[in-house]
Amino acid sequence: MTGVERGLQVVLVDDHRLFRESLGALLAVHEGIEVVAEGANGEEAVRLARLHQPDVVLLDVEMPGQSVLTSLVEIRSASPSTRIVVLTMHENTPLARQLLLRGASAYLIKTIGHHELVAAIRAATDREQDLITLSVSRGGLAGLTSGGGPMLSEREVEVLALVGKARSNAAIAAELRISEGTVKRHLSNINAKLGSTSRLDAVRRATRARLLAPGLGDD
């Protein structure tokens, strides 16, 4: 439709049909996310990525056919702009590192909630920051740098610094010249990366992790 911004297009690939359908239904309730196709193996993932050029492919680890590493490499070749979010039932740090090094944007355990998954999808496709790598542990969602610590983009640090000054979302949007919806999205991504449960908790965690300098949020 003319004048309407296109939402994030997602291809969902998992060999369990019930899981695919359930996850697709959950994603459908989130504004701005559309599941455009579903597949049951790595070969279909590559074909669908080439056909639809989606923003994100949600890719299961354990499926019949080719390995997830092969699928990841071929998807990136077929659709270079597509972000790949890997889903699995098992925590496998060596595999996670291999996938992240080969270009996956996220490695997520299927025990997470759908709100955390949506935060990861939106973080992976954030045009204002570089490719993000994410993982999920039993402690929750956290961003990873090559050194293993949480990572915030420059814009997220700016937003969080203003949160530390007790600015409202509207005030932050006006100061940074972005929409209030974008501020909310940044805050959602920040909470996902830091595992924080509130605005104040996010400021405290970021300060402890030295992502936000002490006093940065003070006037």
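**Helix packing and nonpolar cores in a predicted model**

Helix H5 (residues 114-124) packs against helix H8 (residues 180-194) at an angle of about 115°, and their axes are 9 Å apart; here axes are lines fitted to C-alpha atoms, for helices over the stretch in contact, and angles run from 0 to 180 degrees between N-to-C directions. This is a predicted model, in which local features need pLDDT of at least 70 and side-chain atom pairs count only at pLDDT 80 or more, while totals for chains, interfaces and linings use all residues. Residues are numbered from 1 along each chain as its sequence is written, and side-chain values use heavy atoms, with hydrogens and water left out. The protein has nine helices and seven strands, where helices (H or I, at least four residues) and strands (E, at least two) are DSSP runs numbered from the N terminus.

**The packing of H5 with H8**

- H5 and H8 are therefore roughly perpendicular to each other, given that angles under 35 degrees count as roughly parallel, over 145 as roughly antiparallel, 65 to 115 as roughly perpendicular and the rest as oblique.
- H5 passes H8 in a left-handed crossing; a crossing is left-handed if the near helix is turned anticlockwise from the far one by less than a right angle, and right-handed if clockwise.
- On the H5 side the contact is made by Ala 119, Arg 122 and Ala 123, and on the H8 side by Arg 185, Ser 188, Asn 189 and Ala 192, where contact means heavy atoms within 4.5 Å.
- These residues of H5 and H8 divide into three nonpolar, two polar and two charged, with Ala, Val, Leu, Ile, Met, Phe, Trp, Tyr, Cys and Pro counted as nonpolar, Asp, Glu, Lys and Arg as charged, and the others, Gly among them, as polar.

**The packing of H1 with H5**

- Helix H1 (residues 17-28) also packs with H5, and their axes come within 10 Å and cross at roughly 75°, which makes H1 roughly perpendicular to H5.
- Leu 23, Leu 26 and Leu 27 of H1 make this contact with His 114, Leu 117, Val 118 and Ile 121 of H5, and the residues involved divide into six nonpolar, one polar and no charged.

**The packing of H6 with H7**

- The axes of helix H6 (residues 154-164) and helix H7 (residues 169-176) come within 10 Å and cross at roughly 130°, which makes H6 oblique to H7.
- H6 passes H7 in a right-handed crossing, and the contact is made by Arg 155, Glu 158, Val 159, Leu 162 and Val 163 of H6 together with Ile 172, Glu 175 and Leu 176 of H7.
- The residues of this contact between H6 and H7 divide into five nonpolar, no polar and three charged.

**Burial and the nonpolar cores**

- Of the 219 residues of the protein, 47% count as buried, where buried means under 20% relative accessible area, exposed over 50% and partly exposed in between (1.4 Å probe, protein chains only).
- The largest nonpolar core has 25 residues, and those with the most contacts inside it are Leu 59, Ile 75, Leu 99 and Tyr 107; such a core is a set of buried Ala, Val, Leu, Ile, Met, Phe, Trp, Tyr and Cys residues joined through side-chain atoms within 4.5 Å.
- At least two residues of this core come from each of strand E1 (8-13), helix H2 (42-52), strand E3 (56-60), helix H3 (68-78), strand E4 (83-88), H4 and strand E5 (106-109), and H3 gives the most, with five residues.
- A second, separate core of 17 residues includes Leu 12, Leu 23, Leu 87 and Ala 120.

- Gln 98, in helix H4 (residues 93-101), is partly exposed, with a relative accessible area of 36%.
- Ala 206, in helix H9 (residues 199-208), is buried, with a relative accessible area of 0%.
- Most residues other than glycine have a negative phi.
- Ala 166, in the loop between H6 and H7, has a positive phi of about 65° although it is not a glycine, and Ala 166 is exposed, with a relative accessible area of 70%.
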